[in-house]
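Hello,

Here is the structure I promised to pass on. Please open it alongside the notes that follow.

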Amino acid sequence: MITQTNDCPDQTEMAETSEDGFVIPTTALLLIPLMIFAAFAVDIGSWYARAGQTQRAADAAALAAVVYMPDLGAATTAAQASAARNGFVDQPGCDTPGPCINPGAYPQVVVTGTSAATVRVNILTEGELYFGSVAMDGPIEIERFAASQYVLPVELGNPSSALGTGNLGGGGAVPENMWLAVNGYCTGRQQGDAISTQYLYGSYLCPGSYSVRRTDGSLWQGIEPGRIQNASQYDPEGYRLVITMPPGSESQTWNVDFYDPGVCDPVHEFNNRVPYDPQNNKQPVTLQTTLFKADSTTFDDSDNTTPHGAGQIDWPTTDCDWHTGYTISPSDPRGRWILQYRSRAVTDELGLNYFGVRVTPAGSGGAICIDPLGTSTCPRVAAKTNMPIYATSRDKNGNLMDPSAPLGAPATFFLAQIDEVHKDKTMELVLFDPGEGMDNLQIVDPFGNR
C-alpha cells in the first residue's frame, strides 16, 4: 500500500499562529511610559543642574557672610547680596533663622549663626517641570546649604595687653626680654629687617646725591654704590599689630602707649638709634604709627581704613618713658583695631629703632593685663603675620636685664599661643636673619620640650 503524506502546513492553521503586526501595538503600549521616562530624564537633569547652581551660590554666600560674624544682621545682608549676584534674589517668607517650611515664594536665602565665627546659609529654590508636568503637579523644591567658619591666624606674642616691652613688665605681666623694632629705610637688608629696608647691600648704604665715603675718602665698607639692589620683600606699609578690644571693655577709656618711640640715649652702645652721622648725612630712624578703627567685618582686616585720633604720628626724639599716642573711648567700636608702624621712606635715616606698645586703662598708671584664655575684658596686643623683634639680654640703657646673669645671658620671650581651633594643623615658623650676635636659638613647646 502506498501512503502519501502532505507536509505543507494547513493554511488556516498558519494564519491563526502568525505574529505579524505584534510590534505596532506593543510600541503603542510602551510609547507613553517611554515618553514619561524621557521627560523625567530631561527634568531630573535640569534639577541636578539647578542644584549645582544653588550649591555654588550657597558656598559663595556663606563665605561672604562669615567675615561679619558675630553680627548676624550684617552677615545676613552680605549673604543675601551674594546670592542675588548669583541669580537667587531672596523673597519674603522665611525672614528669621531656622527651618523654612512652605515659604510661599522662591528663592529663600536663610542665614543662621551657629557660633560667633560660624555661619550657615540655606538656599531654597524651585526645579522646573518641562515634561514631567504630565505626571506631576507643580514644581519641585530644591534646597542646598553651606557652612563657613573663620579661623584667625595664630597671633604672635604674649596673650596680654602689651607687646615688645623688654624687661619692663607691669601689672603682673612677665618680662618679655625683647622689643619691637624697625630698621631705617637705608639700612642694609642683611641687618635683620626684610620689610622696612629697600636695599640689599651695604650695612648703611643708600643711593643719593651725598657721598657714601669715610672721612679718609674710602668707600664705606668697600661696596660700590652700583651693587645696590632692590629688596623684593620691602613693604612701604610696614608692619601691623592687632589690638583686640573685647566686648565689655567699653566700660572705660583705654590708652595706647608707646615706650621710647624716639630715642633713649643717642650715644650709648645699646641706644635706640645710631648717632647722627654728618659725614654721610645720616639721621636717626623716625618711627611712624597709624591706628585704624575696628569695623563690622570682624574677620577681615583689609578694610580697616579709617584712621583714629591723631592719625599718623611721626614720633620725635623723646625720653625713655611711656607716651600715649591714641585713646580708645567707650563710644569707639569693639573688635580688631590695626596698628600700623614703619620707618620713614627717606634716604637719610639708618639704623635701628626699638620700642614697646601697651594698652592700659586711662588713669591706671599703666597696668598691663593678661588673658591667656581670651575670656575677659582685657585687650590683647599681638603681631599680625610678621613680628620684627630686637631680642637682647640688656635693657634700653644698656644694662643687663637680669643683673645676676652673666654677659650674653639668653633673652627668653613668649612666641605664640596656639589654641585648640588649630589642632591637627602644622605651623610653619620662618626666621629672617636670626644669627646676628647669637650663639643658638631654641623653640620650647608648652611642656618645656625643646
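Is Arg342 buried or exposed? Arg342 is buried, because its relative accessible area is 19% and the cut-off for buried is under 20%. Please bear in mind that this is a predicted model.

**Arg342 and its surroundings**

Arg342 sits in strand E11, which covers residues 335-343. Leaving aside residues up to four places away in sequence, it touches Pro236, Glu237, Gly238, Thr286, Leu287, Gln288 and Gln312.

- Glu237: its side chain and that of Arg342 meet in a salt bridge, at 4.0 Å from N to O. This pair links distant parts of the chain, 105 residues apart. Arg342 is in strand E11, while Glu237 is in the loop between strand E5 (178-183) and strand E6 (239-245).

The two partners fall into separate classes of accessibility. Glu237 is partly exposed, with a relative accessible area of 35%, whereas Arg342 is buried at 19%.

One is with Arg336. The closest N and O atoms of Arg336 and Asp301 are 2.7 Å apart. Again, distant parts of the chain are linked: Arg336 is in strand E11, and Asp301 is in the loop between strand E8 (287-292) and strand E9 (313-314), 35 residues apart. Arg336 counts as buried, because its relative accessibility is 9%. Asp301 also counts as buried, at 12%.

Another is with Lys384. Here the closest N and O atoms of Lys384 and Asp301 are 3.1 Å apart. Lys384 lies in the loop between strand E13 (380-383) and strand E14 (389-391), and Asp301 in the loop between E8 and E9. Lys384 is partly exposed, with a relative accessible area of 29%.

Which residues make up the network of salt bridges? They are Glu155, Asp301, Arg336 and Lys384.

**Where to look**

From Asp301, step on to Lys384.

Best wishes

Notes: Residues numbered from 1 in each chain as written. Predicted model: local features only at pLDDT ≥ 70, side-chain atom pairs only at ≥ 80, totals over all residues. Heavy atoms only, no water. Helix = DSSP H or I, 4+ residues; strand = E, 2+ residues; numbered from the N terminus. Buried < 20%, exposed > 50% of the residue type's maximum accessible area, 1.4 Å probe, protein only. Contact = heavy atoms within 4.5 Å.
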